[in-house]
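Open your viewer and get ready to click along. Each stop on this tour tells you what to select and what you will find there.

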Amino acid sequence: MDVLVCLAVAIAVLVVIERVCGRAVNAGVSLAVVAVLVAAPSLATWTSGPLPLVAAVNQTTGSLFPLLPWAAFVWCGFGESQRSTSWKSVLPLVLACGAVVAWLGRANLTPTSCAFFFERLAWVLALVPVCAWLSARWSPRLLLFAGRESLAVYLVHLAAIEVLALGGRNQFGLAATAALYLAVLAASFAIAHGWRTFTVARADRARRAMHLRGSSAPAA
């Protein structure tokens, strides 16, 4: 399980929690985070289930981002999205995470430990007001486009790297590496831009078709 699959499953679970819990969605998400943190150490070496399920749960099959514990970061992001991005709002959470890490100790920083989770959560939360401050003053269009079309850029660059690997070479000089990096980056953005243009045009045609059907419908 790689990062995109983890994100997709975690967001799908988030939608289910929202539909089931309704107005109590924050409580449901909080319970889901606690459940993941409790289950992650217990299932870190579990291998007796179906292979896809084991791959989704832990790293024993080589998964880089299994749901335990990485889904909890997604759900914490959902909670943070409802809060202010100011330091006054974020600092107490950062200090609370730091206090938890100090209490647990840093002796066990394996990916399934609570100390691992709260230490990384503290760093991510600390970046929230920094990113908010930067985006209010500097919002480069290329970077914003990459954020909106991150899936397309990600998939295209993976395909390009795979094509290069099929060539049988895995080592290049500094100049060739820099040139290939720029070429892969340019191809990824170009194809993502084409995909964006296609999807926007298709959505516009669908809206126009719906408008025409609505305007041509006989009056009641």
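Start by selecting helix α1 (residues 3-21) and α4, whose axes come within 9 Å and cross at roughly 55°. That makes α1 oblique to α4, the word for angles that are not under 35 degrees (roughly parallel), over 145 (roughly antiparallel) or 65 to 115 (roughly perpendicular). Axes here are lines fitted to C-alpha atoms over the stretch in contact, with angles from 0 to 180 degrees between N-to-C directions. Helices are DSSP runs (H or I, at least four residues), numbered from the N terminus.

A word on the model: it is predicted, so local features need pLDDT of at least 70 and side-chain atom pairs count only at pLDDT 80 or more, while totals for chains, interfaces and linings use all residues. Residues are numbered from 1 along each chain as its sequence is written, and side-chain values use heavy atoms, with hydrogens and water left out.

On the α2 side, look for Val25, Asn26 and Val29, among others; on the α4 side, Pro69, Ala72 and Cys76 are among the residues they meet.

Now zoom in on proline 69, which sits in α4. What kind of peptide bond joins leucine 68 and proline 69? The bond is cis, with omega about 15°.

For the next stop, select the aromatic rings. Ring pairs link Phe65, Trp70, Phe73, Phe116, Phe117 and Phe118 into a cluster; rings of Phe, Tyr and Trp (its six-membered ring) pair if their centres lie within 6.5 Å, and planes under 30 degrees apart count as stacked, over 60 as edge-to-face and the rest as tilted. The structure holds 7 aromatic pairs. Phenylalanine 65 and tryptophan 70 are edge-to-face, 5.1 Å centre to centre with 70° between the planes.

Last, colour by pLDDT, the predictor's confidence in each residue from 0 to 100. The chain's mean is 88, and 96% of its residues reach 70 or more.

Definitions and conventions:
Contact = heavy atoms within 4.5 Å. Helix = DSSP H or I, 4+ residues; strand = E, 2+ residues; numbered from the N terminus.
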